[in-house]
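Visitor: I have some questions about this model. Please show me the structure before we start.

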Amino acid sequence: MRGLFDFEGEGRRAMGKLNDFSLYVITGENYHPGRAISEVMEEALQGGADIVQLRDKTSSPQELLRKAQELKALTRRYGVPLIINDHIELAIEVEADGVHLGQEDLSLQEARRLLGSSRIIGISTHAIEEARAAELGGADYIGVGPVYPTGTKPGVKPVTLDYVRQVAAEITIPFVAIGGITPGNVDDVLEAGAKRICAVSAIVGSSDVKGTARLLSERVRSSRGSVYAPKEIVVNGRPETVTARTVDQLIARYGLQGRKLVVELDGYIVPQDEWAATQLFSGVKIELVHFVGGG
Ligand SMILES: Cc1ncc(COP(=O)(O)OP(=O)(O)O)c(N)n1
Ligand SMILES: Cc1ncsc1CCOP(=O)(O)O
Ligand SMILES: [Mg+2]
């Protein structure tokens, strides 16, 4: 049911390949001393986080395993994917939904070999060449950041909103803007073309984790437009204004019902049994490929 932006009690489910998402929240235990990781991440999930990453640079392997298992149980309960930062072997051990890798980590090809095609691989990028390589290499999403200076990765030079704009214009796979994003600057990031954002400190360091997650999540979702309003989308490379709310309605609009079709939405192949449930938002790129004739 990718493409559905439902949350809190509306039966989110994930697992396996990446569903669409708006708000990606990464753990950062130093921001909530005295509070358990699962308690804080549960509040983020209640606020609308729709993908969670375990990022921990200091724990022992045993502690990491325990935290990964705890977050696996939690994310399963909320039906959202769990991604493990850096440690592919841990992702495999706890059967997480995927791994996030930096430019200095294991290669994308090796990670894909180890994880198989059904798990998610995210790659950090800081320049368009890295983004192109990740897309070509089969990454499921890319990180774009740090957009702003951030205490979570001190001393790292920001990529700036210019890079967000560049990726938004060129890259087809989902990208998530990350780094120093707060309720105060999220609108600028969305304005630059981000459709998904990721945060650590603004959320897990907030005195109202759930409220901040909700606020950020709603900003992202509303920037993507109402599914009921006419929206600008790109169909087979051509800009179109459509009122279709779902993939099956768009197929009907083009008179392609009953035809043998492959549907690709923002780089994902949408299985036929999900066409009716997959919503169209402003800015999506959809390819409708139909097969003509026999043989
Ligand atoms: C979603 C997301 N984007 C970027 C990163 C950063 O990964 P990396 O460059 O490997 O740096 P560390 O997080 O390992 O310090 C991320 N973790 N998640
Ligand atoms: C892990 C990571 N990668 C690029 S920026 C960043 C840190 C994001 O944390 P914050 O949201 O606190 O700036
Ligand atoms: Mg890393």
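Visitor: Which residues does Ser124 touch, not counting residues up to four places away in sequence?
Guide: This is a predicted model, in which local features need pLDDT of at least 70, side-chain atom pairs count only at pLDDT 80 or more, and totals for chains, interfaces and linings use all residues. Residues are numbered from 1 along each chain as its sequence is written, while chains are lettered from A and ligands numbered from 1 in the order in which they are written. Contact requires C-beta atoms, placed from the backbone, within 7 Å. By that criterion Ser124 touches Gly102, Gln103 and Gly143.

Visitor: Is Ser124 buried, exposed or partly exposed?
Guide: A residue is buried with 20 or more other C-beta atoms within 10 Å of its own, exposed with 12 or fewer, and partly exposed in between. Ser124 has 19 C-beta neighbours inside 10 Å, so it counts as partly exposed.

Visitor: Which residues are closest to ligand 1?
Guide: A residue is near a molecule if its C-beta atom, placed from the backbone, lies within 6 Å of it. Ligand 1 is surrounded by 17 residues, and the closest are His100, Gly102, Ser124, Gly143 and Ile178.

Visitor: Which elements give two or more residues to the shell around ligand 1?
Guide: Helices (H or I, at least four residues) and strands (E, at least two) are DSSP runs, numbered from the N terminus. Ser124 has its place in strand E5. The elements asked for are E1, strand E5 (120–125) and strand E7 (175–178).

Visitor: Where is Arg55 found?
Guide: UniProt, in an unreviewed entry, lists Arg55 and Ser124 among the residues of a "binding site"; its positions follow the numbering used here, feature names are shortened, and annotations may be inferred rather than shown by experiment. Arg55 is partly exposed, with 16 other C-beta atoms within 10 Å, and its contacts beyond four places in sequence are Ile26, Thr27 and Asn85. Arg55 is found in the loop between strand E2 (51–54) and helix H2 (61–78).

Visitor: Which residues come nearest to ligand 2?
Guide: The shell here has 13 residues. Those that come nearest are Thr150, Thr152, Gly179, Val200 and Ser201.

Visitor: What do the buried residues of H9 pack against?
Guide: Helix H9 covers residues 209–223. Its buried residues include Val209, Ala213 and Leu216. They pack against strand E1 (23–26), helix H1 (37–47), helix H7 (186–191), strand E8 (197–199) and helix H8 (201–204).

How values were computed
The expected span of a helix is 1.5 Å times one less than its number of residues. Two residues are in contact if their C-beta atoms, placed from the backbone, lie within 7 Å.
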